[in-house]
Amino acid sequence: MSAAFVPPVREDLVGIASYGAPQLDVPARLNVNENPFPLPDDLTAAMGRAVAGTAKGLNRYPDRDAERLRADLAAYLRRETGVRVGVDQVWAANGSNEVMHHLFLAFGGPGRLAVTFDPTYSMYPEYARDTFTAYESFPRRADFSIDVSAAIRIIAERSPVLVLLTSPNNPTGTALPLDDIRAITIAALEAGAMVVVDEAYAEFRRAGTPSACELLAEFPNLVVTRTMSKAFALAGARVGYAVAADPAVVDVLKVVRLPYHLSAVTQAVAITALEHSDVLQAQVALLREERDRLSGWLVDQGFTVSASDANFILFGLFDDRDAVWRALLDDGVLIRQTGPREWLRVTVGTPEENDMFRRALAKATSTRAPAPS
Ligand SMILES: *Cc1c(COP(=O)(O)O)cnc(C)c1O
C-alpha cells in the first residue's frame, strides 16, 4: 500500500468538516431542538409489535412508494391544518433533510440558483453544494422578518429555481406572516421558481399562526416540508415529508430518490407514531407552555428574546456568548451557539431541564448585567 496515495476527492470538498452539533451526555441536552420526552410506553410497545410484524418480510424490499405512510401523513395534515391534500401530493423520506436533498436534486443543479434569507438553517448551503446548485442568502431585518419588497426584487433580478422560506425559522423561532409567503410565492411563480416552506417546527406555532399548507390550493409552485423529528419525538427514526401543490413535483422526487430509500422498519415506526399522534400532541402543548414561560422569564431577566413559534428560543445579547455557553455546560446544560454572534439558542426541555437552564443561566450571568436591549 502506498502511503502517498491521496484519495481523488472532489476539489470543493477538500478540507470541509462534516456537519454536527456536539453530542454530549450531560443532564440537560438542550441543543438540537429534540422533543425531550421519551416516547410513552404504549407507543413503544405498539412500535415493537409493528416492527416485529415487518421482520419476517425483511427479505423483501419495502414498499418503494410508501403508499400507506403517505396516506397516513395526508390524513394527519388534514387534522393538523384543516387542509385536504391527496396522497399523490405527499412525499416521505429519511428526515426532512433528505426530502430537501431530493428537492435540490430535482430542481437544482449546475447553472441553477437557490435563494434564502439569513439567519436560517445551516444545512441549506450543504444541499446546494452537494448538488452543484448556486446558493445565495440575503439578510433578514433586525427583527428577523423578511423584507418582502426586497425579496420580490431579488427573485425578479436573480431568477432562482428554488426559494427557501423557513417558518417557524431556525434559529430565530420566528414565523412568517401568510401574506409575506403569499407575496413571495407570487413573485416566484412569475419567475418560474419553486417556493419551499420548511415547516419543521409547525406544530409548535402559537394560536393564530397559520401554516403555509393553507396556500397550497392557490399556488402550483409551492411545497411545504415537515418532519417527525421534532413534534413527534421521532428524531431517531428519521422521517420527514413534503406536501406539494402539484403532484408532478412528487413524481420527479420519485425519479431522484435512491431505490427503496425508506426502510420497511422506518415506515412501520412512522405509521405507528401517526396512530398515536394525540398523545404526542399533548406533549407539544406542554412544550408550548414551557416555551412561553421560558421566554417570559428571559424577558424578565433583561435578555433580548426573539419571538418564538418553535420549541426553542434565541436570546441575547452577549458580548462573549462562548463564555456563557461554556459556563452552562460546566453546570450540565448544553445549549447551542448558532445564529448571529451575540445570541444563543436554547431548546425547550422538560420542566426540570428548563429549571436547570434557568439556574445555570442566572449563575453564569450574575456577575455581569446583560447588554441592554
Ligand atoms: C430540525 C430541522 C429539520 C428537520 O430535520 P430532519 O432531517 O427531519 O430531522 C428541517 N429543517 C429545519 C429548519 C430544522 O431545524
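Which residue stands opposite Tyr241 in E8? Ala92 does. This is a predicted model, where local features need pLDDT of at least 70, side-chain atom pairs count only at pLDDT 80 or more, and totals for chains, interfaces and linings use all residues. Residues are numbered from 1 along each chain as its sequence is written, and side-chain values use heavy atoms, with hydrogens and water left out.

**The whole chain**

- The protein chain has eleven helices and twelve strands. Its radius of gyration is 21 Å, close to the 21 Å that the globule rule gives for 373 residues, so the chain is as compact as a globular protein of that length.
- Helices (H or I, at least four residues) and strands (E, at least two) are DSSP runs, numbered from the N terminus.
- The radius of gyration is taken over C-alpha atoms, and the globule rule is 2.2 Å times the number of residues to the power 0.38.
- Along the principal axes, the C-alpha atoms fill a box of roughly 65 × 60 × 55 Å.
- Of the 373 residues, 52% count as buried. Buried means under 20% relative accessible area, exposed means over 50%, and partly exposed lies in between (1.4 Å probe, protein chains only).
- The chain exposes about 16600 Å², and carbon and sulfur atoms supply 54% of that area. Accessible areas come from the Shrake-Rupley method with a 1.4 Å probe; for residues, only the protein chains shown count as cover.
- Take the contacts between residues at least 6 apart in sequence: 75% of them join residues at least 24 apart. Contact means heavy atoms within 4.5 Å.
- The chain carries 37 positive and 46 negative charges, and their mean positions are 3 Å apart. Lys and Arg count as positive and Asp and Glu as negative; His and the chain ends are not counted. The place of a charge is NZ of Lys, CZ of Arg, CG of Asp or CD of Glu.

- Strand E8 covers residues 240-244; five of the five are buried, so the strand is largely enclosed by the rest of the structure.
- Gly240, Ala242 and Ala244 point one way from E8. Tyr241 and Val243 point the other way.
- Strand E2 (residues 90-93) pairs with E8 in the antiparallel sense, over four bridges. Two strands pair if DSSP finds at least two bridges between them.
- Strand E7 (residues 222-227) also runs antiparallel to E8, and five bridges join them. Here Val224 stands opposite Val243.
- Strands of a sheet pair through backbone hydrogen bonds, either parallel or antiparallel.

**A three-stranded sheet**

- Three strands form an open sheet in the order E9-E10-E12, with antiparallel pairing. Its edge strands are E9 (304-305) and E12 (344-347), and each pairs on one side only.
- E10 (residues 312-316) and E12 share four bridges. Leu314 has Arg345 in E12 as its bridge partner.
- Thr350 is in the loop between E12 and helix H11 (351-364). Thr350 is buried, at 11% relative accessible area.
- Leaving out residues up to four places away in sequence, Thr350 touches Pro36 and Phe37.

**Backbone exceptions**

- Most residues other than glycine have a negative phi, and most peptide bonds are trans.
- The peptide bond from Asp118 to Pro119 is cis, with omega near -5°. Pro119 is in the loop between strand E3 (113-118) and helix H4 (124-130).
- The peptide bond from Asn170 to Pro171 is cis too, with omega near 15°. Pro171 is in the loop between strand E5 (162-166) and helix H6 (178-191).
- Ala66 is not a glycine, yet has a positive phi of about 45°. Ala66 is in the loop between helix H1 (41-55) and helix H2 (67-81), and is buried at 3% relative accessible area.
- Ser159 also has a positive phi of about 45° and is not a glycine. Ser159 is in the loop between helix H5 (148-158) and E5, and at 46% relative accessibility counts as partly exposed.

**The segment before E1**

- Pro7 lies in the segment before strand E1 (28-29). Pro7 counts as partly exposed, at 49% relative accessibility.
- Pro7 and Gly57 are 50 residues apart in sequence and 39 Å apart in space, C-alpha to C-alpha.
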